[in-house]
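Open your viewer and get the selection panel ready. We will go from stop to stop, picking something and seeing what is there.

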Amino acid sequence: MGSLGNLASSGTLTQILVGLSRTTILFIVSSGLTLILGVLRIPNIAHGSLYMIGAFVACTVIQTLGGGMPAFWAALTVAPLAVAALGFVLERGFFSYLYDREHLMLLLLTFSFALILGDLVKIVWGAEYRSVTVPAFFQGSAELFGLPLPYYNLFLLLVGPVIAVFLWLVINRTRMGKIALAAAVDSEMVSAVGINVGWVFAFTFVLGCALAGLGGALIAPMVNISLGMDHSLIMEAFLIVIMGGLGNIWGALLGSLIFGLTQSLGILAWPQFGIVFPYLAVVVVLLFRPKGLLRSTW
Amino acid sequence: MLRVESAVLSFGGFRAVNGANLEVTAGEIVAVIGPNGAGKTTLFHLITGHLSPDSGRILFKGREISGLPPHVICRRGISRSFQVVNIFPRLTVFENVQIAVLSRERRTFRIFSEVKGMEADEVHSILRNVGLYDRRDAESDLLSHGDQKVLEIAVALGGKPELLILDEPTAGMAPEETERCIRLIRRLSEELGLTILFCEHDIGLVFEIAKRIMVMVRGGTVIQGSCEEVRRNREVQSAYLGETGGC
Amino acid sequence: MNGRRAALLLLLAVLVALPHALPRFYTYVAAIVLLTGLLATSLNLAIGYGGIYQFHHAVFYGIGAYGTALMLTRTALPAPLGFVVGPLAAALLSLAMGVVCVRLSKLYFGMLQISLGSLVWVTVYRWYSFTGGDDGIHGIPLPDALGSTGGAYYFTLAVTVLCLAAMRRIAASPFGKTLEGIRDNPVRSAAVGVDVRAHQLVTLVIAGFFGGVAGTLFVVVDTSVFPDMMFWTFSLEVLIMCLLGGMYTFFGPFAGAAAIVLLRVFASHYTSYWSLVLGVILTLVIIFLPDGILGYAVRRHRAGEARSA
Ligand SMILES: Nc1ncnc2c1ncn2[C@@H]1O[C@H](COP(=O)(O)OP(=O)(O)OP(=O)(O)O)[C@@H](O)[C@H]1O
Ligand SMILES: [Mg+2]
C-alpha cells in the first residue's frame with residue numbers, strides 16, 4: 001500500500017518537473033511579451049509569430065550544421081539574434097510611428113503582422129512541418145525516484161532561472177533597463193528629462209523579440225515545428241501576462257508557473273480536461289484580481 | 001439644500017480634501033475659491049459621486065449621498081459641468097443635450113422607438129437659452145473651445161437639475177465669451193431659480209455673481225460667508241487675495 | 001436618403017435573384033457572406049456603437065451554432081426549437097460573461113472577456129462526448145425545406161435581413177444614441193444620469209444574441225460545427241471586418257465581412273498566400289484609414305456636404 005502511494009506521488013513529482021520545464025518556455029516567451037506590453041503598451045500578437053520564426057531558424061541552423069552540440073548552441077544564439085533583427089525592423093519601420101494609437105488598433109495591426117509573418121514563414125520554409133532531434137548530449141534521462149526525467153527537460157529547468165536572473169540584471173543593473181522601467185511607468189516624464197525614449201522603446205522591443213526567438217529555439221527539439229504553432233502559444237502567453245499583471249516580469253514568471261503547473265497537474269488528475277485547468281485558473285485569478293496578481297506598470 | 005460636513009479624501013497619503021465644510025441653500029449662487037490644487041475639483045467630484053469620501057458626510061435635500069454612484073446622484077437632482085471639456089465629441093450639439101434629457105426622462109432603455117427628433121422641443125429651448133441653437137447640427141468636436149464650455153452647461157441643464165455645479169465655467173474663454181457666460185449663469189439663477197455652486201479663479205467675476213463664497217486652502221474650508229465677510233477676513237486676505245491684488 | 005433606400009432595395013433584389021444566376025457553390029458563399037456580415041454587425045453594436053472591448057465575440061457565434069447543432073442531433077425536439085435555443089444560449093452566456101466583465105473598463109474588460117471566452121472554447125474543444133471535441137459535429141440533419149443550398153440561402157437571407165433591420169432600429173433608438181454617448185464619454189454619461197454598466201450589459205446581451213443567430217445560420221448553411229468557429233483568431237478576424245468596413249457606420253462591418261469572406265474565397269483560387277494579402281491590406285487600412293473604408297467615404301461625403309452647405 002505504502003509503495004503504491006510512493007509511486008503515485010513520485011509520478012506526480014516527475015509530472016510537475018516536466019510541467020515546470022514547459023513553464024520555462026512559457027516564461028521566456030511571455031516575459032518578452034510583457035516587457036513590450038509594459039513599456040511600449042503594444043499588445044503584440046505577432047509575438048507568437050516571432051516565436052515560430054525562432055523555432056524555424058533554429059531548425060535550419062541545426063540542419064545546416066549537421067546536428068551535434070555546437071550546432072545546437074549556434075541555433076540558440078542565431079535564432080534570437082535573427083528574430084531581434086526582425087523586431088528592430090518592425091519597431092523602427094512601423095511601431096515607432098504608431099505609439100499613440102488606440103490599443104485596439106495596435107492589437108489589430110499586430111494581428112495583421114501575424115498574418116503576414118505566418119505566410120512569409122510558409123514561403124520561406126514551406127507548409128510541411130519539420131523536426132530536429134535533441135542533441136546527443138541531452139539524450140537519455142535522469143533517474144528521479146525511479147522515474148525518468150529527460151535530460152533536455154532538466155536543461156530547460158536550469159535555463160528558466162538563468163533567464164530570470166539575466167532579465168533582473170538587465171532591468172535593475174543597466175542604465176537602459178532602469179530607463180525602460182521608468183518609461184513603463186511614465187514615458188512623458190522620461191522624455192521630459194531629455195532622454196530619447198524612442199531608443200529605449202526600440203531596445204525594449206528588440207529584447208522582447210529576442211526572448212520570443214529564444215523560446216522558439218528552445219522548444220524546437222521538443223515539438224513538430226509547424227505553421228500554426230504560434231496560435232496556441234500566443235494565446236497562452238497573453239493569458240499568462242494578463243494573469244501576472246501587465247508589464248510585470250515577475251508576474252510573467254508567476255503566471256507561467258501557475259499556467260504550467262495547473263496544466264500538468266490537471267492532466268494527471270483528469271486527462272481529458274487537463275488543458276482546461278490553466279484557462280480556469282486564469283479566469284479565477286481575474287475574477288478576484290482583474291488587474292492581475294502582481295502590480296502592473298499600467 | 002446641500003451640506004458637506006468635514007469631508008476627507010486622500011490620494012495615497014496626500015489629503016486633497018481635508019475636512020471641507022460647505023453649505024448651499026436653495027436658490028442661491030455659491031462660489032468656491034482657492035489657489036491651484038486647493039481641492040476644489042476634488043470636492044465637486046465628491047459631491048457628484050465621481051469619488052467617494054474617506055470620511056465625512058454629504059447631504060442633499062436632507063439625504064446622505066456620499067458614496068452613491070454618479071448616475072444616481074444625478075437623478076437626485078444634481079447636474080454638473082467639468083473643468084476640462086467633457087462632452088460627447090462624435091455626437092452633434094443637439095444629441096449631446098438630447099442624451100441628458102432622455103436620461104432624465106428615463107427613456108434610454110427604449111430600444112425600438114426612433115430617437116431622431118425625440119424631446120426636440122426641450123433640447124431646442126435649452127440650446128436657444130445658452131445661444132447654441134444655430135450650431136445644433138454641428139459635430140460637437142468641431143465647436144470652438146468657448147462653445148464647448150457652454151455646451152457643457154447645456155448638457156448639465158438637460159438633466160433639469162435643482163443644483164447645478166460648474167467647475168470653472170469660463171476657463172480658457174475669450175473676454176466676450178466670458179461676459180456671455182456670466183450673463184447666462186445669472187439668468188439661469190434668476191429665471192429658472194436654479195441653485196448654483198461653482199468655482200472660478202477670476203476673483204472679480206466671483207464677487208460679481210456669487211451671493212456667498214467658500215474659501216478653500218489645502219483641502220480645508222477657511223471660511224464660508226457673504227462676499228463682504230470673505231473680503232474682510234484677514235486669513236483670506238493674506239492667504240489668497242493678497243497675491244491677486246485686492247478688489 | 002431616398003437614393004440610399006433605393007440602393008438597398010436594389011441590393012435586396014439582386015440577393016433574392018442570386019441563386020438563380022449563380023452555381024451552387026457561390027450560393028453557398030453568398031450565404032456565408034450574409035451570416036458573417038450579421039456576425040460582424042452584431043459585434044459592432046458592442047464595439048463600434050458601445051465602445052466595449054468585446055475581444056472574443058466568436059464565442060457567441062460558436063455557442064449559437066453548438067446550441068442549435070446539439071438540439072438537432074441529440075434531441076428529438078422540433079428543429080425550429082433548436083433554431084431558437086442556439087441564440088438564446090448565446091444571449092444567456094453573454095449575460096453571464098457580461099455581468100462579471102462590465103465591472104471593468106476598456107482593456108481590462110477585453111482581457112477578462114478573452115480569458116472567459118478561451119475557457120469556453122477549450123471546454124468545447126476537449127469535451128468529446130458532448131460536443132465532438134476538436135472534430136466538431138458534421139452532417140447535422142435539417143428540416144427538408146432547408147436541406148437544399150437554395151433553401152438554406154433564402155432562410156439565411158430572410159433571417160439576416162430581419163436581424164439587420166432590428167439592429168438598425170436599435171442603433172437609431174434612444175438606447176442606441178445613449179450607447180454612442182457611453183462610447184464617446186462614459187464619465188459624462190454617468191454624470192447625466194445614465195447607468196453605464198446596465199446599458200453595456202444590455203448591449204452585450206443583444207450583441208451575443210445576434211452573434212448566436214449568425215451561428216445558428218451557419219449550422220443551416222454548412223450543416224456542421226467545429227471549435228475553430230470560436231477560436232480567438234476568428235474573433236480577431238471579425239474585429240478586423242468591423243475595422244475594415246468602418247466601426248462608426250452601421251453597414252461598414254457588413255461590407256468588411258463581405259470583403260474578407262470573398263477575398264478568402266477568390267484569393268485562395270489564385271494564391272495560397274491569401275493571409276499575406278489580407279495582412280497587407282489591413283496594415284494599410286489601419287495606418288492610413290483608421291475609420292475604415294466605408295467610414296472614410298462617409299466622412300468625405302459629410303465634409304463635402306458641410307462645404308457645400
Ligand atoms: N486622481 C488624482 N490622483 C492623485 N492626486 C490627485 C488626483 N486628482 C487631484 N489630485 C491632487 O489633489 C490636489 C487637489 O486637486 P484639485 O484638482 O481638486 O484642485 P483644484 O482646486 O481643482 O485646482 P485647480 O484650480 O488647478 O483646478 C492637487 O494637488 C492634485 O494634484
Ligand atoms: Mg480644478
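How many residues of domain 1 of chain B are in contact with domain 2 of chain B? Seven are, and they meet six residues of domain 2 of chain B, where contact means heavy atoms within 4.5 Å.

Before you click on, note that this is a predicted model, in which local features need pLDDT of at least 70, side-chain atom pairs count only at pLDDT 80 or more, and totals for chains, interfaces and linings use all residues. Residues are numbered from 1 along each chain as its sequence is written, chains are lettered from A and ligands numbered from 1 in the order in which they are written, and side-chain values use heavy atoms, without hydrogens and water.

To see the two parts, colour 1–77 + 163–168 + 194–247 of chain B as domain 1 and 83–160 as domain 2; the bounds come from an automatic or database domain assignment. Their C-alpha centres lie 27 Å apart.

Now show the surface: the two domains of chain B bury about 650 Å² between them, 55% of it on carbon and sulfur atoms. This is the accessible area (1.4 Å probe) lost on being put together, summed over both parts. Next select Arg75(B), Leu164(B) and Glu168(B), which supply 55% of the area that domain 1 buries here, more than any other three residues. Looking for salt bridges (a side-chain nitrogen of Lys or Arg within 4 Å of a carboxyl oxygen of Asp or Glu)? Across this interface the rule finds zero.
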